[in-house]
Amino acid sequence: MTDYGHDLLFGTFLTPSAQDARQAIDLAVASDRAGLDLVTFQDHPYQPAFLDTWTLLTYVAARTERVHLSGNVLSLPLRPPAVLARAAASLDLLSGGRVDLGLGAGAFWDGIAAMGGRRLTPAQGVDALREAITIIRDLWDTGTRGGVRRDGTYYQVVGAKRGPAPAHDIPIWVGAYKRRMLALTGEMADGWLPTLEYLPDGVGSFPALNARIDEAAVSAGRSPRDVRRLLNIMNVRFSATGRGVLDGPVDQWVEQLTGLALEHGVTAYLIGGDDLPTVERFAAEVVPAVREAVARERG
Amino acid sequence: MELALGVVLDASADAARTTELARQADAGGLDLVVLRGGPDTGLDPWTAAVWVAGVTDRIAIGTTGFGPPPEHEMPYPSVVEKARESAALLTGRRLVDGEPWATAPAGADRAALEALAADGRTVVVPVTDAEDVARLVALVGPVAGRRRTAAARALRRAGIDYDGVPASLAATAVEPGDPEYLAVSSTYLRGGAPGLVLRPETPEQVADALAFARAHTHVPLGVRSGGHGVSGRSTNDGGVVIDVGRMNRIEVLDASRRLVRIGPGATWKQVAAALDPYGWALGSGDYGGVGVGGLATAGGIGLLGRAHGLTIDRLRAVELVLADGTPVRATADEHPDLFWAVRGAGANFGVATAFEVEAYDVGEVGWAKLGLVSTDLEKSLLRFGEVATAAPRDTTVFLVTGRPQRGQSMIQLYAIVDSPDPQVVVERLQPFLDLGVLVQQEAFMARYKDIMGQAPDVGPEGHHGQGEPVSRSAFLPGITPQAAHDTAELLRSGRVFFFQLRTMGGAIADVPADETAFAHRTPAFQATAMGVDQADLDARWDRLAEHFDGLYLSFDTDLRPERLHDAFPPEVLARLRELKRRYDPDALFRDNFPIDPRTTT
């Protein structure tokens, strides 16, 4: 049993499709109206069929009221940290504190290179992400005097002006699967944001991967509780008979999500599929039941 | 003079006020919000501009004074470009490049503003509170009709006299810079970028639209009802579209004769729903989202076809506006030649504004969707050809299949059995079950309106087609072993992703060939094939020509001139050409199987 005790967050993991831009916006607006906590969009700038995720996120933030927005996850190799920091803080100010920052070290390097980005090895990607997170937090930190100066291997900042400070403490969530990235997550991140379908053993991966994060957090003088565990679940549907994770009747969804929270400490669930009826049903029937069940078990 | 005014807002950290003032300027009819950066604002200009676009509906947005980012904060140019494209799609291109405005001092009076506006630029004035914005809104005055911002006007297309749009149509016309533009630019299967969409609501307004079109023959003209046209190009690039979608009334004229008057902009789903309470129906195609106007002037080969004939066989009157703006009522007695022509070649002769149809009694019918997997497509097609034509005329079955996968074809059958007796329905469907291994079946007693009602409604956001459909059509006298073989080979090529056979015969064949301009009364099937490359599909389809007897002009996108001879047999074409000379001598209507009035061949 692992429960880090965070409050529960429920949201959507949406495709920033250019052809179905209206649908993407409708799904985000519906998520907001249905009372979900988070709307997140994939970020693949090299994918011609997709919109620019930051632009879409900003537009959607302007057309929603309560829901938080995040990239899931933003592609660091194509979004320099200083640009990200100022854009995220700006949107956080404009939206009244509704921005969270999902970050990834980069995948699909051919696509990244085709867009003019720098091709890195996985190990270099981890180091670049570490430098980036430091710079982003420095730029947000307007309480410290003087400009930001970081002479990293991948990113250099020379006396950059700080600010703007975001409206709220923007959490940085990292997409991580491998050993070094999990260690970085424990060491620095506010959250871990993997996708279920990419975990080597599905739900069975959690004990080992959580342990790596916990270990790294403790080594860095932090608490495992400092790292929220989030989860994307791409393939979901309501069906009459249970076939798998989030593929079954409502009761089974509730049972599975409650289990994920109490046994593996996962406290944010972002569902894919881009299907409005599924999103509405998730919000109306699953979310309150999971909240209730988890609250009951936690006592 | 008409003043185009905007506001300059400090893009300060007081985001709530920026949002509020931008919204006030937008609602008040101002043209432009300029976000001004400064040494202390720190807001990212792109994020701020997209945010303001998101909280407003029509106003243009510019930025000034942010300065270039420091070197280490340079975004990738390719990502910036992508962001701009995305913003254009999301905001209707309201983000303005450069600084194409003149800036007045805060509090400038009307005379000062007019002086600055003399060169036609939008004049922007710094504001700090709601009173400042209200003063500018008052200076602009009440908005008469639709006001377009300078940014919106910049998106106008060459060759269109936007100031000459007839007064009766100005309020509802849509241009590229308008917020509704994306909703009217594409159709169901086709992406488009028309320069102007006119949306008439009366025959008089249609005549006004046609007068405008006559002055614009140098750009394309499309006529749209439901926007489902394949051969009918109801959108275009840089041209004019006359969209009669708002003319969608459905009215029972005489219940004793089941006589109904229908506007061209209604969809068949709406027609079916309106007729159902009377226990009537009127067969259309196979999809309820299709509009009345396009189908009812072409034919209408539908799932009630064998039982009740083509849709055009139930027309009793067609009202249309001719190319010269004359309204005409065509019936068997009034303008009978035109009445003949619009039933099969209507797109060549005018814009229909109303149809009077005689519906028929239809109660519950059997509705079935069957999915069958076939490992021998040739045999399945041959068998379908036999069974579908041998079925009693209460039974109409359509077949759809696509690319075979791993040697297997998924055959979908759609059927209506016009009988309220479930026993009869089951009997009628039985012979179709051995076309393959039955893997899906859905069969129940239904109202025709429920079958048409399966098509989703098109919301205010309109259609989202992209690119150009690639489609060929043919009538088949029957499915011979060689035709089945050649069709199976075509499908095995993988170059056709959609293939449909619509079964004809029955009541369709009861009507003499010379009764309507749709002259193909005897074929057993209408076949449609859709691919991705027109030249490739043409080459493959042409090879099957020996099996064909003409084509259905609704479903063919081949633009080679000889297709006209497939659409119309020689004597029909000769008669149509004669009528074209009389009713549309300058060939204004030219987007869908145009008949050239000047040639004789």
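Predicted model: local features only at pLDDT ≥ 70, side-chain atom pairs only at ≥ 80, totals over all residues.

Me: Within what arc do the buried residues of H5(B) fall, seen down the axis?

Reply: The buried residues of this helix are B:Val133, B:Leu136, B:Leu139 and B:Val140. They line one face of H5(B), because seen down its axis they fall within an arc of 120°.

Me: Over to chain A: how far apart are the end C-alpha atoms of H7(A)?

Reply: Helix H7 of chain A has 14 residues, 206–219. At 1.5 Å a residue, H7(A) should span 20 Å, and this agrees with the distance between its end C-alpha atoms, which is 20 Å.

Me: What arc do the buried residues of H7(A) cover around the axis?

Reply: In H7(A), the buried residues are A:Phe206, A:Leu209, A:Asn210, A:Ile213, A:Asp214, A:Ala216 and A:Ala217. They sit on the same side of H7(A), because around the axis they cover an arc of only 165°.

Me: Which exposed residues are on the face of H7(A) turned away from its buried side, and what covers the buried residues?

Reply: The cover over the buried residues of H7(A) includes helices H6 (179–188) and H8 (250–264), along with strands E9 (191–192), E10 (228–233) and E13 (266–271) of chain A. The face turned away from that buried side carries the exposed residues A:Glu215 and A:Ser219.

Me: At what angle do the axes of H2(A) and H3(A) cross?

Reply: Helices H2 (residues 53–62) and H3 (residues 81–95) of chain A have axes that come within 10 Å. Angles under 35 degrees count as roughly parallel, and H2(A) and H3(A) are therefore roughly parallel to each other. Their axes cross at roughly 10°.

Me: How do the residues of the contact of H2(A) with H3(A) divide?

Reply: From H2(A) come A:Trp54, A:Leu57, A:Thr58 and A:Ala61, which meet A:Ala87, A:Ala88, A:Leu91 and A:Ser95 in H3(A). The residues of this contact divide into 6 nonpolar, 2 polar and no charged.

Terms used: Residues numbered from 1 in each chain as written. Chains lettered and ligands numbered in written order. Heavy atoms only, no water. Axes fitted to C-alpha atoms, helices over the stretch in contact; angles between N-to-C directions. Helix = DSSP H or I, 4+ residues; strand = E, 2+ residues; numbered from the N terminus. Parallel < 35°, antiparallel > 145°, perpendicular 65-115°, else oblique. Contact = heavy atoms within 4.5 Å. Nonpolar A, V, L, I, M, F, W, Y, C, P; charged D, E, K, R; others polar. Expected span 1.5 Å × (residues − 1). Buried < 20%, exposed > 50% of the residue type's maximum accessible area, 1.4 Å probe, protein only. Arc of directions from axis to C-beta.
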